[in-house]
Structure formats: C-alpha cells, structure tokens
Amino acid sequence: LTMNTANVGSGEFTDAGVNVSTQVTDKFRVGAQVYDRNLGHLGRWHPSLDWAFADYRFKPWFGIRGGKVKTVIGLYNETQDLDFLHAFALLPQSIYPIDIRDTTIAHSGGDVYGIIPLGKKIGTLAYTGYAGLRQDTSYGGYFYMARSQDDISLSSYGGLQYGGDVRWTTPLKGLLVGVSRLDEDIDARGTTTIFGPPTPYREVTKSDWTNQYYGRYTYGKLQVNSEYRRFWRDHEIYTFESHIQMDVRGWYVSTAYRVAKRLQFGSYYSRYSMVSPAVGDLIGAQSGHVYDKVVSGRADLNRFWNIKVEGHFMDGYGVPGYY
C-alpha cells in the first residue's frame, strides 16, 4: 500500500471523516461528509468532499437521492467508512481495496431505491438503481500507479457509471442474499515521459463492468458473510497503440462471533486473482494473485470507543501496474 514496511512497519495509515446529516421532514433528509487520509503516498492530507446528498422518500417502495451519492455495491461498499459496524480493521481487499477507495465510495448523480414487501412467506426485496459520474482524485491509487509504473501524469480519470443492486431478505430468519452490477465508461487523459519528452496520453474503455454476488447469515451472536466479484475491463491505450483486457476474480468468506457483550472475534479468507491477456506488446499475458488469511479481535470499551487487533497472513503477488 505504497509504504515501506520491510523493516519495522509503518504508521502512515490514518484517516478521518466529519459528517453531518439531518431529517428535514419525515420524508426528506440531507447530509454530507468531508474525508481526509494519509495512506503512504495516497491521500497525503488533501481533504475531499466524500459524499453530499439530498434524499426524499415518497413511499417505502420508492425514493430518490441526488448529489454525490454513496455507491451501493455488495454488503459493505456504502458503509465501509463506518468502522464501528465491522468486526475487522481492514475489510477483505479482494472486494474492498483500500487503495482505490476514492474510486468506489460514491458517484455524482442520482439514485432510485425502495423496499418492497413480498409477504411473510417470501420476505422483502430492496432495490437501488443509479447513474452518475466517477471522478478519481489525483491522490488516489490509479494516479499513483500511473506515475510509478508507466511515467504517466494523469490530468483526469473517470466517466459515466451506472448500475444497480437487489437484495432479498429471505423468510429464513437471519439470511440475506443479493446481487450488484456496475458498468463504467472510463476516459483517462494526461501526459507520459516514457518515450522521452512529454507526450499526450489517452486511455478509453470499450467495456468495463463488475458483477458482485453476496450473502449474509446471522444466528444469535454469530455472523457469516461471503461475497464474489468478477471485474472485466477491455480498454485501448492510444498512446501505446495497445489493446488490453483484464479479467479479475475476488471472493471471501468471513465469520465473526461475539463471545461477550464487549468482546468479538473474527476471521476471514480472502482470495484475489487476475488474468490479464493483452493484444500488442505492452505487458503480454500475465497473472497474479493475493491470498489473505485473517484473525481479528475487537473490544468495545464503551458506546463510543473500540479497539481492534488484527493479523494478516498473505501469500501472493499482483500484476505490476494493476494491483
């Protein structure tokens, strides 16, 4: 994560958020959050508007949100900054990579959403549909990767994104299952010095989509979660006259058990793998993987403070420039 941790580790992992929200009427709510972080070479203490929205719920089965809106993908994407909700200090990186948090957390646009009761014997169905613009910050993972790997100085990286999420609270008590879909049209611009003097750089996606499937089962003090994600990108880098395809798979299984009112233990196994065939001479066919076995403990000192101790046992490597 852009830090030199070979010897004694690093303390360069700090983030903070300040948010405010209010229920203007029974149906109308507004809120916003300013977020800042220093994660190695990412963030670098440059605050940003994390999200800011207005939300009006006409009926339980239909509401709208607008502004910079949190993106609903999987179990935790829109709640990943609410650390007190999770047993783990670091969510599974195969699904929630922290280096590109600014990419996934929100979109500038609008949502429609609602909860539809299907009957006592069928359960309830919650849906979200959204469309908007993605715009990465210059202190995020993609900008850092471009600078460090390919001598590319990006001026912009983003574009249209749209998708949806459907989650079913089943009649089996404690069981929730769902599916998410995200499509993007990414356009990257900047300059590169890989050929010597600065040269214009342009990268455009032909196809960019994510499918995610997830489930959660809660029984008393036990919670078991699992998610699977496939990410596919087909893009052209005009500067290098290259056509590159990326096929990424990630999944995890986690469990957490509250042994006492203020003490919880958890564990997960996270698996990330990539196959990246390329047409042209940019990178050739490569593959990479990261497997992560985790044990974690959480102590809730009171309503407002908790302490987490966590260990990760990792095996693998990433494809240079992509993870």
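**Aromatic pairs and a buried arginine**

The charged end of arginine 271 sits over the ring of tyrosine 291, 4.0 Å from its centre; for this term, NZ of Lys or CZ of Arg must be within 6 Å of the ring centre and within 35 degrees of the ring normal. Arginine 65 places its charged end over the ring of tyrosine 113, at 4.1 Å from the centre. The model is predicted, so local features need pLDDT of at least 70 and side-chain atom pairs count only at pLDDT 80 or more, while totals for chains, interfaces and linings use all residues. Residues are numbered from 1 along each chain as its sequence is written, and side-chain values use heavy atoms, with hydrogens and water left out.

The whole structure holds 10 aromatic pairs (rings of Phe, Tyr and Trp, the last by its six-membered ring, with centres within 6.5 Å; planes under 30 degrees apart are stacked, over 60 edge-to-face, the rest tilted). Tyrosine 142 and tyrosine 157 are stacked, because their ring centres are 5.0 Å apart and their planes lie at 15°. Both tyrosine 142 and tyrosine 157 are buried (under 20% relative accessible area; exposed is over 50%, partly exposed in between, with a 1.4 Å probe and protein chains only). Tyrosine 213 and tyrosine 228 are also stacked, at 6.4 Å centre to centre and 25° between the planes. Tyrosine 213 is partly exposed at 43% relative accessibility, and tyrosine 228 is partly exposed at 30%.

Arginine 229 has 13% relative accessibility and therefore counts as buried. A polar atom of the arginine 229 side chain lies 2.9 Å from the backbone oxygen of isoleucine 95. Arginine 229 and glycine 250 are 21 residues apart in sequence, yet 5.1 Å apart in space, C-alpha to C-alpha.

Conventions. A polar contact is a pair of N or O atoms within 3.5 Å; within protein, one must be able to donate a hydrogen and the other to accept it, and residues adjacent in sequence count only if both atoms are side-chain atoms.
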